[in-house]
Amino acid sequence: MLVVKVGGSKGIDYDAFVDDLASYKDFVLIHGGSHELNELSTRLGRPPRFVTSISGQTSRYTDLETLELFNMIYAGKMNKMLVEKFQQKGINAVGLSGLDGRLAEGRQKEALKIVEDGKKKILRGDHSGTIERINVQLLHLLLENGYTPVLTPPAISFEGTAINIDGDRFAAQVAVALGAETLIILSNVPGLLRDIEDPASLVQKISRDEVELSMNQFAKGRMKKKLMGAGEALAGGVRRVVLGSATGPSPVTRALQGEGTVIE
Ligand code: ADP
């Protein structure tokens, strides 16, 4: 069983990705949609707002209007685009968000404690949170009957409302719940870079104990979440996490061959 996360950042070649992944048959996919959502919200005159928490994590401020657009892009456009591409390759994909069948359940954050212009602030009205439970029974139900789950944020809160959650950590939790040996996280960079401007500065290997250090040393913004997800996956029994690129041909095969940042 292979668990793969493909990001939603600019430059990802989804045709090449689906072409490659479809040849593996037995997999679960989790996807993102950040770039498309940024474009749509900007076009609608509601440019995205990214906030930085006191602990230094960046996230999208997700008020109810943003959540509507979030569903349109993630659970709509991106999810159905991928399901359609897999169907064309003979994979019987079923697209689900974390809301459906309470697939990914979690706790909604109360209020965001953020830093803006050097000042600490409390921000309310954010609908985001952290996954605490995966409905693994639902995944087995699909897998055992020949369906391939194609999963996307949002998740569902314990109260039954949609919450924005991090896709990389979603993928990590799915990999743990399914007892997957390998988790592949693909985005638009070759992996963790020492210098984000220099693709040749790739960190090729990180041991389990070095995840936190690498996160603090090199990772900025969204890359932090990938390392956090990798750490959670390893802690939950996944043997190997590979952070790789999905901008070229055969991205899954290349990641499985160790191209990218291998964390084990
Ligand atoms: P996706 O949506 O594809 O999952 P993200 O945009 O969330 O991808 O995360 C990948 C981004 O992380 C890169 O495009 C890059 O801008 C950023 N990043 C920050 N720090 C690093 C780093 N040290 N190495 C690589 N990428 C980094």
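A polar contact is a pair of N or O atoms within 3.5 Å. The model shown is predicted.

**View 1. Asp166 caps the N-terminal end of helix α5.** A side-chain oxygen of Asp166 lies 3.2 Å from the backbone nitrogen of Asp168. Just after α5, Gly179 takes a positive phi of about 65°.

**View 2. Helix α5 spans residues 167-178.** The helix has 12 residues. From its first C-alpha to its last, α5 reaches 16 Å, close to the 16 Å expected at 1.5 Å a residue. Its buried residues are Gly167, Asp168, Phe170, Ala171, Ala172, Val174, Ala175 and Leu178. An α-helix has 3.6 residues a turn, so residues three or four places apart point the same way.

**View 3. Strand β15, residues 240-245, is mostly covered.** Of its 6 residues, 6 are buried. Arg240, Val242 and Gly244 point one way from the strand. Val241, Leu243 and Ser245 point the other way. In a regular strand the side chains alternate between the two faces of the sheet.

**View 4. Strand β15 pairs with β13 and with β16.** Strand β13 covers residues 182-187 and runs parallel to β15, joined by 6 bridges. Which residue of β15 is the bridge partner of Leu183? The partner is Val241. Strand β16, residues 261-263, pairs with β15 in the antiparallel sense over 3 bridges. Here Val242 has Val262 as its bridge partner in β16.

Notes:
Residues are numbered from 1 along each chain as its sequence is written. This is a predicted model: local features need pLDDT of at least 70, side-chain atom pairs count only at pLDDT 80 or more; totals for chains, interfaces and linings use all residues. Side-chain values use heavy atoms; hydrogens and water are left out. Buried means under 20% relative accessible area, exposed over 50%, partly exposed in between (1.4 Å probe, protein chains only). Helices (H or I, at least four residues) and strands (E, at least two) are DSSP runs, numbered from the N terminus. Two strands pair if DSSP finds at least two bridges between them. The expected span of a helix is 1.5 Å times one less than its number of residues. A polar contact is a pair of N or O atoms within 3.5 Å; within protein, one must be able to donate a hydrogen and the other to accept it, and residues adjacent in sequence count only if both atoms are side-chain atoms.
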